[in-house]
Amino acid sequence: MNALETLENFAASEGATFRRVRISGVVREITAGYCRVTGLSQFVKLGDGVGLGSPGNMQIAEVVRVDDDGVIVKLFSGSSDTSIGMPAFFVGDMRLSPDVSWKGRIINALAEPLDDLKRLAQGPKAMSSEASPPSAMKRARVTKPLATGVRAIDLFTPICQGQRIGIFAGSGVGKSTLLSMLAKSEGFDTIVVALVGERGREVREFLDGPIHSNLHKSVMVVSTGDESPMMRRQAPRTAMLIAEYFRDRGDSVLLIVDSVTRYAHAARDVALAAGEPAVARGYPPSVFSDLPRLLERAGPGEIANGSITGIFSVLVDGDDHNDPVADNIRGTLDGHIVLDRMIADQGRYPAINVLGSISRLAEHVWTADQKELVRRLRGLIARFEDTRDLRLMGGYQQGGDAELDQAVVIVPKIYDALRQDPSMPTSKDAFLDLAQSLKH
């Protein structure tokens, strides 16, 4: 019961009545990027919802700037039937009420069903998509190993439950395919997937692909590339909110966001419409505070709760792994997996660059012997790649360098062992699979 309902009940007990008054304003300016509304400046804050139009045909917008002359709002719908003089109504904090029955459903960024099934049931608790992460001092530690079934990851960049890791790749290098393989991972009670700015064709391919066997315990949040920046910015937040709901129930949750870069692009569009200056390759400052605020919400919950294992894909613009967004995300996460276009061109999938990838929690997964083995394997791969040009020019003579001789024999076998596509069964023991490959 909110404060207004309490006041109404008290007034009724005293024999008094009063009428609720809806706070409203008027649309005064319309541009391609935003609408300006007057009359609401004293009643709203950033992030509040505003409804434009009549109650029966209302368009939802969000407040992105407030000043004395009015508020700037951006519509969630891609097309707008807004006109000058249209009434605007204060909606308030935008909240969702997730429910267990949402598993197996496909929804949009506003939690509206996209699968032509019945309406979503509403849970008992309304949650904000702008929630704060758990307290740093109350969070559980991340120590439990997680087998993804992808050999290259389980060997060289192992993941723990509750870890947050990024997959960094240019376009067309196999990022979405790798994510679909990870979605097959066992050991999770719930899977939440946010497809942000994806092609409409890829949505069905993802649903009918490897994740199909886990759809019964998955919630899909979809915002395709043709939707408005507001919807693309909201989709990861909605997915995070749903993941937090299941985490607080004690579930082990796998959260996949593809991609965080498109979330950053959408946040940039919103911030520029609000009048922020561009400071780093066209990105306003708020983008670099929005990213860690979103990513920090994933990870382990409080000690009595579950955890959110976050896998975030990062589309690096122009294959530049040091662009501002990629750099900001890499510094926030607990590790990164780099997909290399040169490896993909050689037909080796997943195209993971094991030398450029790292898991900051690998020590919780490897035994002492495995750690030493991985260190030696990395050294052989580095030696093999460093001398590639030398060997192509005929400058290598067998017997002159024992370590290089060993690398020339073993590394191609390692590469063959790491090859894996979505149609292949998942790996149960990556080290055992590698040992069997090296015997041949």
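Analyst: Let's start at Pro350, which sits in the loop between helix 9 (341–345) and strand 19 (358–359); helices here are DSSP runs of H or I with at least four residues, strands are E runs of at least two, and both are numbered from the N terminus. This is a predicted model, so to speak of a local feature takes pLDDT of at least 70 and a side-chain atom pair counts only at pLDDT 80 or more, while totals for chains, interfaces and linings use all residues. Residue numbers start from 1 along each chain as its sequence is written, and side-chain values use heavy atoms, leaving out hydrogens and water.

The thing to look at is the link into that proline: Tyr349 and Pro350 are joined by a cis peptide bond, with omega about -5°. Asp258 to Ser259 is also cis, with omega near 0°, and here the second residue is a serine, Ser259, placed in the loop between strand 15 (252–258) and helix 6 (260–273). For context, most peptide bonds are trans, and most residues other than glycine have a negative phi. On the phi side, have a look at Asp116: it isn't a glycine, yet its phi is positive, about 60°. Asp116 lies in the loop between strand 8 and strand 9 (127–128).

Strand 8 itself (residues 105–107) holds Ile106. Setting aside neighbours within four places in sequence, Ile106 touches Glu112, Pro113, Leu114 and Asp115, plus Leu207, Met220 and Val222; contact means heavy atoms within 4.5 Å. Ser218 is 112 residues from Ile106 in sequence, but their C-alpha atoms are 8.8 Å apart in space.

From helix 5, Pro229, Met230, Arg232, Arg233, Pro236 and Arg237 meet Arg262, Tyr263, Ala266, Ala267, Asp269 and Val270 of helix 6.

Further along, helix 7 (residues 287–295) packs on helix 8 (residues 324–332) at about 35°, with the axes 10 Å apart. Phe288, Leu291, Pro292 and Leu295 are the helix 7 side of that contact, and Pro324, Val325, Asn328, Ile329 and Thr332 are the helix 8 side. Residues 161–343 carry the UniProt annotation "domain: AAA+ ATPase", from an unreviewed entry; such annotations may be inferred rather than shown by experiment. That span is 39% helix and 24% strand, and its end C-alpha atoms lie 28 Å apart.

Zooming out, the chain divides into domain 1 (22–93), domain 2 (100–364) and domain 3 (369–439), with bounds from an automatic or database assignment. The centres of domain 1 and domain 3, over C-alpha atoms, are 59 Å apart. Towards the end of the chain, helix 12 (residues 402–418) and helix 13 (residues 430–439) have axes that come within 9 Å and cross at roughly 130°, so helix 12 and helix 13 are oblique to each other. Ile410, Lys413, Ile414 and Ala417 of helix 12 make that contact with Leu434, Ser437 and Leu438 of helix 13.

How values were computed
Axes fitted to C-alpha atoms, helices over the stretch in contact; angles between N-to-C directions. Parallel < 35°, antiparallel > 145°, perpendicular 65-115°, else oblique.
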